[in-house]
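Me: I would like to go through the charged side chains of this structure with you. Could we begin with the terms?

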Amino acid sequence: MVMVGMICRKVISEYAKAIHELSMDLAGKLGQSIGMVRSDLFEGWASQFRFNKYDFTSKTGRSGVEMHTDSGFLTILQVDENVSGLEVMDKSGSFIPVDHQPGTLLVNLGDVARAWSNGRLWNVKHRVQCKEAAVRYSIASFLLGPKDSVVEAPPELLDFENPRLYIPFTFNDYREFRLKTKLITGQALELMRINA
């Protein structure tokens, strides 16, 4: 049993390392897509790795995970290939089911991406709806934000036509504010707007 635990720990550690490297690569490419050329943009940003188990049965009475945006910069999600339920909100406000393609990962952007990009990147509202009485698993990897500095739009993204939209904030303070206010669908970020 100890050997199995060691093997599991090694596999999880290698997976987490690979996903973190992918997160950093994707974040860098997103930065490039909006005109950033520096390669050290996301160096030292905190990450989090989480296994999710949703027990959607008539006994638990759970209907899913309520609509929310992720608080961090980006999320890489390995979803359950057998039990669906993830839905994203489109521009019209309708929810669209995300049909999982085997062998793929899902990426979405959170509140920090929107603030850091000065509104150029968009945070995704999403939820999980129970479609069947089954246990649903997912693995979520989050690139959260800078550990020791504030989240703010880099100077290269600001000019007379594009003034700073959000006050600088630390990721931990922002996450605490979201939890305290229970504003989890992007409203907390809107309260961080300079003209809010």
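Reply: A salt bridge here is a side-chain nitrogen of Lys or Arg within 4 Å of a carboxyl oxygen of Asp or Glu. This is a predicted model, in which local features need pLDDT of at least 70 and side-chain atom pairs count only at pLDDT 80 or more, while totals for chains, interfaces and linings use all residues. Residues are numbered from 1 along each chain as its sequence is written, and side-chain values use heavy atoms, with hydrogens and water left out.

Me: How many salt bridges does that rule give?

Reply: The count comes to ten salt bridges.

Me: Which residues are linked in a network of salt bridges?

Reply: The network links Arg38, Asp40 and Glu156. Within it, the side chains of Arg38 and Asp40 meet in a salt bridge at 3.4 Å, N to O.

Me: And how exposed is Asp40?

Reply: Asp40 is partly exposed at 39% relative accessibility; buried means under 20% relative accessible area, exposed over 50%, and partly exposed in between, with a 1.4 Å probe and protein chains only. Arg38 also counts as partly exposed, with a relative accessible area of 39%.

Me: Turning to helix α1, where do Lys10 and Glu14 lie relative to each other?

Reply: They are four residues apart in helix α1 (residues 2-33), so about one helical turn separates them. Helices (H or I, at least four residues) and strands (E, at least two) are DSSP runs, numbered from the N terminus. Lys10 and Glu14 form a salt bridge, with their closest N and O atoms 2.6 Å apart. Lys10 is exposed at 53% relative accessibility, whereas Glu14 is partly exposed at 46%.

Me: What is the partner of Arg193?

Reply: Arg193 forms a salt bridge with Glu190, and the closest N and O atoms are 2.7 Å apart. Arg193 is partly exposed at 28% relative accessibility, and Glu190 is partly exposed at 29%.

Me: A change of topic: is Glu87 buried or exposed?

Reply: Glu87 is buried, at 5% relative accessibility. Its place is in strand β4 (residues 86-89).

Me: Which side chain does the side chain of Glu87 make a polar contact with?

Reply: The partner is the side chain of Arg127, at 2.6 Å. A polar contact is a pair of N or O atoms within 3.5 Å; within protein, one must be able to donate a hydrogen and the other to accept it, and residues adjacent in sequence count only if both atoms are side-chain atoms.

Me: What else does Glu87 touch?

Reply: Not counting residues up to four places away in sequence, Glu87 touches several residues, among them Phe95, Ile96, Val98, His126 and Lys131. Contact means heavy atoms within 4.5 Å.
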